[in-house]
Amino acid sequence: MVRFSELFPPYGGEQPYLYFCFSDADARRLRSLFRRLYERGCRIWYPIGHGSTALERELRDARMRKARLVVLYQTKRARMDQAVKSAVLVCQEKSIPIISLDADDAESTLSMGLDSRAVHLKMRSVDATETALLHANGFSQELIGPSLPVRKKPVLAIATAIFAAVFLMIGAAALVRRLRPPPTEQPGDTVFFSDPVLTAAVRDALGGEPITEESLETVTTLRFDALPEHTDELALLSNLSRIKLNQANADDAASLLERYEIVLTGGGL
């Protein structure tokens, strides 16, 4: 089964975005609404899981506080979820506008600790809910950009996987050659890193182009599964501002928080 976070990846950019706050147990019930919002181009961030390390929780808290709007999916599960309630109260204290999508007829204000500023919308059909949300006080067009990709249904994913397997079988010889460690230097390089992990990340960011002083100035984001051993060499990238890192290695990024935005990847609901 395709995970919720794979179908609808949380927004990780710097454009205005909303924080969709919901209990993990309600994720399946939100798929239709999320699909509509993603196809419209709405930038949505939400946390994945509960955060197993202090750094993950710190990064999540910082991301939550930067949201322009909170959309709360309020259900019995959400009211019993302490993480949901705590997050909503933090955002309310920061005066971030809150829209509560009330999915049942239970009391929806005092039970969540919401004050009079919160806007309440009654959940109806997906069409009606989407329309009401887009026109509610607090929702702004600045939260909408180009249509966002939604992962295809599992059947298509399986067909794609079968095709890929056949293709790999045909190209087995080429695959064996690719398993060899790639050279850390290529023709045209004028800047060299001692760490092959950093070299590979930079080359990936440059799309395979030579690593030069000029090309390094265009790099603003690097992606790592695990951080390079020599992070001091990151200083050679004068415009680097964001590092995307597999959340399994989040603790390794603590020393970089003051200099870079750390975006955790991987995991899922």
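Tutor: Let's start at Ser-95, which sits in the loop between H5 and S4. Those labels are DSSP runs numbered from the N terminus: helices are H or I with at least four residues, and strands are E with at least two. This is a predicted model, where local features need pLDDT of at least 70, side-chain atom pairs count only at pLDDT 80 or more, and totals for chains, interfaces and linings use all residues. Residues are numbered from 1 along each chain as its sequence is written, and side-chain values use heavy atoms, with hydrogens and water left out.

Student: How do you know that the span of H5 agrees with 1.5 Å a residue?

Tutor: The expected span is 1.5 Å times one less than the number of residues. H5 has 12 residues, so it should span 16 Å, and its end C-alpha atoms are 16 Å apart, which agrees.

Student: Which residues of H5 are buried?

Tutor: Buried means under 20% relative accessible area, exposed over 50%, and partly exposed in between, with a 1.4 Å probe and protein chains only. In H5, Val-84, Ala-87, Val-88, Cys-91 and Gln-92 come out as buried.

Student: Why do you say the buried residues of H5 line one face?

Tutor: Take the directions from the helix axis to the C-beta atoms; the arc is the arc of those directions. For the buried residues of H5 the arc is 135°, so they line one face of the helix. On the other side of H5, Gln-82 and Glu-93 are exposed.

Student: Why does Gly-266 count as partly exposed?

Tutor: Gly-266, in the segment after S8, has 34% relative accessibility, so it counts as partly exposed. Gly-266 is 257 residues from Pro-9 in sequence, yet 9.8 Å from it in space, C-alpha to C-alpha.

Student: And why does Ala-235 count as exposed?

Tutor: Ala-235 lies in the loop between strand S6 (221-224) and S7. Its relative accessibility is 58%, so the label is exposed.

Student: What makes Gly-208 partly exposed?

Tutor: Gly-208, in the loop between helix H9 (196-205) and helix H10 (213-216), has a relative accessible area of 38%, so it is partly exposed.

Student: How many residues are in the largest nonpolar core?

Tutor: A nonpolar core is a set of buried Ala, Val, Leu, Ile, Met, Phe, Trp, Tyr and Cys residues joined through side-chain atoms within 4.5 Å. The largest has 27 residues, and Leu-18, Phe-20, Phe-22, Phe-34, Ile-44, Tyr-46 and Phe-139 have the most contacts inside it. Its largest share, 4 residues, comes from H2. A second, separate core of 24 residues includes Leu-198, Val-202, Leu-206 and Leu-227.

Student: What lines the second largest pocket?

Tutor: On a 1 Å grid over the protein atoms alone, a pocket is an open set of points where a 1.4 Å probe fits, with protein on both sides within 12 Å along at least five of seven lines; lining residues have an atom within 4 Å of a point. The second largest pocket has 19 lining residues, with Tyr-19, Pro-47, Arg-60, Ala-83 and Ala-87 the closest to its centre. H5 gives the most to that lining, with 5 residues.

Student: Which residues lie nearest the centre of the largest pocket?

Tutor: Pro-10, Trp-45, Val-263, Leu-264 and Thr-265, out of 30 lining residues.
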